Amino acid sequence: MSVVKNRFIALLFLSLSVLFIFFLPSTCYSDIYSWKDEKGIEHFTNNINTIPRQHRKRSKLIKRTKLKEGPFKTETKGEDLKGKEKKTSGLENQRTVVSLRQSGNSFIVSATLNGSYEALFVLDTGASITTISKDAAAKLRIKITPDTPVLSLQTANGIIDAPLIKLKSISVGGRKEKDMMAVVLDVEPGFTGLLGLTFLNEFNYSVNPNDQVLTLDSLEDPDTEKLYGGHGQKWWKQKFYMLRSYVDGEKKIIEELERMKSKTEDKKRLLWIEDRIEIKNNNVKFFKKELKNLKTKATIAMVPGRWKQ
C-alpha cells in the first residue's frame, strides 16, 4: 500500500474517529469500553459482558451515552478465526465473526452496499456515522440534490459540509442491515470510507486486534426476549434516541443562528447565516420524517410505548 494511502488511513482514523457533528449532539448511542489482555493488547466493545471477568475491573468506559440498558448475556470467545466468517447458533446462533486486515494502526473490513457494490471500509468505532466516497455514491447512483440534508462535520482539516444519504443496505460478513444513514465525503481512491456506529450499533460488537476479527452479536436473544417487528428493546430505544437527538440538535443550531442573525449587520455574514438556517430547517424536516416513519413502523409492530421514549 502506498505511503499516500497509509497517510490517508491514519488521517481519517485519527480525525474522524471523533466524527461528531459541529453544533450537533453526538449520535453515539452505545457505551464503548476498552480493555487490555495479558499481552497488553487493547480491545474495544460496546458490551461489557464480552470482556473476560478477570479484566472487567480494569476496563475503561471511553464513550458514554444517556441511553441506559441492562446487561446482556452474550460472551465473546477469543477464537483464532483469521480468514473466516463464522456463525454459531442459540444466542450463539446470532453471532458472526468477520476477518479484518490491518493497515498501519487501522483495520480494513470488506462490505457490500445495496446488495451488489463491493466496498472496503476503515473500521472506526469512534465515528458516529458511516461515510462513503463521492465515487461510491456515484456508482451506487445516489443523487445529491439541493434538498439533500447536509451535516456539518468537524475534521482535522476544519469544518466541512457532507450530504447525508440513506443506503438501502450494508452487509458485513453476511449480516445485512437496511436503511443505513451515511455521509458522502472525499476519500483517497481505493477506499470506500469509514464503517461507523450507524452500522456497528445494530449489534453488540467487539474488536479483537490480536486475532484481527470483528465479532457481531445480535442485540437481542430471540429465545429469551420478545421481539416486535423483528427487534428487541435496545434496538427500538436507540433508533428513537438517535433521531430525536438529530431533531433536537438541529433545532438548537437554528436558535443559535437566529440569535447571531439578530446581532449581525454585515451583509455577507447575514447571507451565510440565512443559508445555514435554510439548511438546518431542511435537516429538521428530514429527521422528523424519519422519526414519523419509525413511529409508524413501531405502531404496526405493536412496540410498547415506553420503548419509544
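**Buried charges and nonpolar cores in a predicted model**

At 2% relative accessibility, D217 counts as buried, a term that stands for under 20% relative accessible area, with exposed meaning over 50% and partly exposed in between (1.4 Å probe, protein chains only). The structure is a predicted model, in which local features need pLDDT of at least 70 and side-chain atom pairs count only at pLDDT 80 or more, while totals for chains, interfaces and linings use all residues. Residues are numbered from 1 along each chain as its sequence is written, and side-chain values use heavy atoms, with hydrogens and water left out.

The protein chain contains six helices and 15 strands, these being DSSP runs numbered from the N terminus (helices: H or I, at least four residues; strands: E, at least two). Of its 309 residues, 52% count as buried.

The structure holds nine salt bridges, each defined as a side-chain nitrogen of Lys or Arg within 4 Å of a carboxyl oxygen of Asp or Glu. In one of them D217 is joined to R95, the closest N and O atoms being 2.7 Å apart. Because D217 lies in strand β15 and R95 in strand β5, the pair ties together parts that are 122 residues apart in sequence. R95, like D217, is buried, with a relative accessible area of 7%. Strand β5 (residues 95–99) has four of its five residues buried, so it is largely enclosed by the rest of the structure. β5 and β15 pair in the antiparallel sense over five bridges, where pairing requires that DSSP finds at least two bridges between the strands, and R95 stands opposite D217.

Another salt bridge connects the side chains of D161 and R276 (2.7 Å, N to O), linking strand β11 to helix α6 (residues 267–300) across 115 residues. Here D161 is partly exposed, with a relative accessible area of 40%, whereas R276 is buried at 10%. A further salt bridge, between E202 and K239, has its closest N and O atoms 2.6 Å apart, and both of these residues are buried.

The largest nonpolar core has 31 residues, of which I132 and L167 touch the most other members; such a core is a set of buried Ala, Val, Leu, Ile, Met, Phe, Trp, Tyr and Cys residues joined through side-chain atoms within 4.5 Å. Among the elements giving two or more residues to this core are β7 (106–113), β12 (175–185) and β15 (213–218). A second, separate core of 25 residues includes I129, F286, L294 and A298.
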